[in-house]
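Me: I would like to go through this structure by question and answer, with the cut-offs stated as each term comes up.

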Amino acid sequence: AITIAIEIAIRTLLFFLLLLLFNCQDQDTTFTPNEPIDNNNNNVVLEDLGRGLIYQTFNEKIIPIYYYIPSNVNSSTPVVFNIHGGGRDGESTRNMMEGKADQYGFIIVAPEISNINFPGGDGFNLGNVYVDGDNPTPESLNEVNEWTFSIIEPIFDIFLANTDTNVDRYHLFGHSAGAQFAHRFMLFNPNARFDKILTSAAGWFTVLDNNIQFPYGLNNSILTQEPPLSNNSYLIDILSKNHIIQVGTLDNDPDFPGLRHNEFADAQGLHRVDRAIHFYNQAQNFAQTNSLSFNWTLNIINGLSHNTGDSIEYGCDLIFN
């Protein structure tokens, strides 16, 4: 009888513990931000001027978008996308560009490409084009609407619809990991509405070479083109883009934390300065060899280190001068 009573007591206790656990759980697990989310990109609420933050959903991912609207905004105000580095902090990268936005009179758009939404280098640096960007296969190719690159154009439309500006193109600035994102955005979206793309201090590049394996070159990716490259309209178009490459003379530490080293990356050089030079020279040599128009520029900034704020200062001057 005592054993039965103990068993009943234990079962009763377990029942109440389960009931308590259920009642303590959050019944609404949907993320609720402090700004409106609009799946159709309508009814977006932007502040008239200054700093702001909105959240938008793209392919069921909630993207924070930090922005800044200068006081003199009008129908011809430029738009600059400021792509953060590996710290994935849209707010701070926006804040560091505000002085230049006031100086040159442009709108800053700084989407935060979080590690939760787009994990790892595959999700950010390589644009989420492949499940495993270091080992691309046709089977692991993601749908275009899953690419991280695909959030840029819809965000541009949001700001055209909800500010006074009426420009038809935007500039894209990316520093460090953001520079990797920016130059690959150009490669995978050559028909996007960008005007100038500035890649600042990228750790390594995807060079325009069909003989080098992606992501270090084009081989074995959807960027591989036939017929031969010299007759290919895709590369002719890419080489004609207004692509500004920036790196500082002091960004020459081969042991910089997180800088990738393997046989493919090191073939581009051992640090960011040499890799930027290699990337530019490879493209320039190809263009000259095949008598193609070449509109890229390489800017090696004397005394500049791998500093985000200073890189933004120099980069904005290059974009608007």
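Reply: Tyr234 is buried, with a relative accessible area of 12%, where buried means under 20% relative accessible area, exposed over 50% and partly exposed in between, for a 1.4 Å probe and protein chains only. This is a predicted model, in which local features need pLDDT of at least 70 and side-chain atom pairs count only at pLDDT 80 or more, while totals for chains, interfaces and linings use all residues. Residues are numbered from 1 along each chain as its sequence is written, and side-chain values use heavy atoms, with hydrogens and water left out.

Me: Which backbone oxygen does the side chain of Tyr234 reach?

Reply: Tyr234 is found in helix α6 (residues 233-239), helices being DSSP runs of H or I with at least four residues and strands runs of E with at least two, numbered from the N terminus. At 2.6 Å, the side chain of Tyr234 reaches the backbone oxygen of Leu187.

Me: Which side chain does a polar contact of 3.0 Å join to that of Ser176?

Reply: Ser176 is placed in the loop between β5 (170-175) and α5 (177-188), and at 13% relative accessibility it counts as buried. A polar contact is a pair of N or O atoms within 3.5 Å; within protein, one must be able to donate a hydrogen and the other to accept it, and residues adjacent in sequence count only if both atoms are side-chain atoms. Leaving aside neighbours within four places in sequence, Ser176 is in contact (heavy atoms within 4.5 Å) with Ser200, Ala201, Ala202, Arg272 and His306. The side chain joined to that of Ser176 by the 3.0 Å polar contact is that of His306.

Me: What is the strand order of the open sheet, and which are its edge strands?

Reply: The open sheet has 8 strands with mixed pairing, in the order β1-β2-β4-β3-β5-β6-β7-β8, and two strands pair if DSSP finds at least two bridges between them. Each edge strand pairs on one side only, and these strands are β1 (50-58) and β8 (297-301).

Me: Is strand β6 largely enclosed or open, and why?

Reply: β5 and β6 run parallel and are joined by 5 bridges, with Leu172 standing opposite Ile197 in β6. β6 and β7 also pair in the parallel sense over 5 bridges, and here Lys196 stands opposite Asn242 in β7. Because 6 of the 7 residues of β6 (residues 194-200) are buried, this strand is largely enclosed by the rest of the structure.
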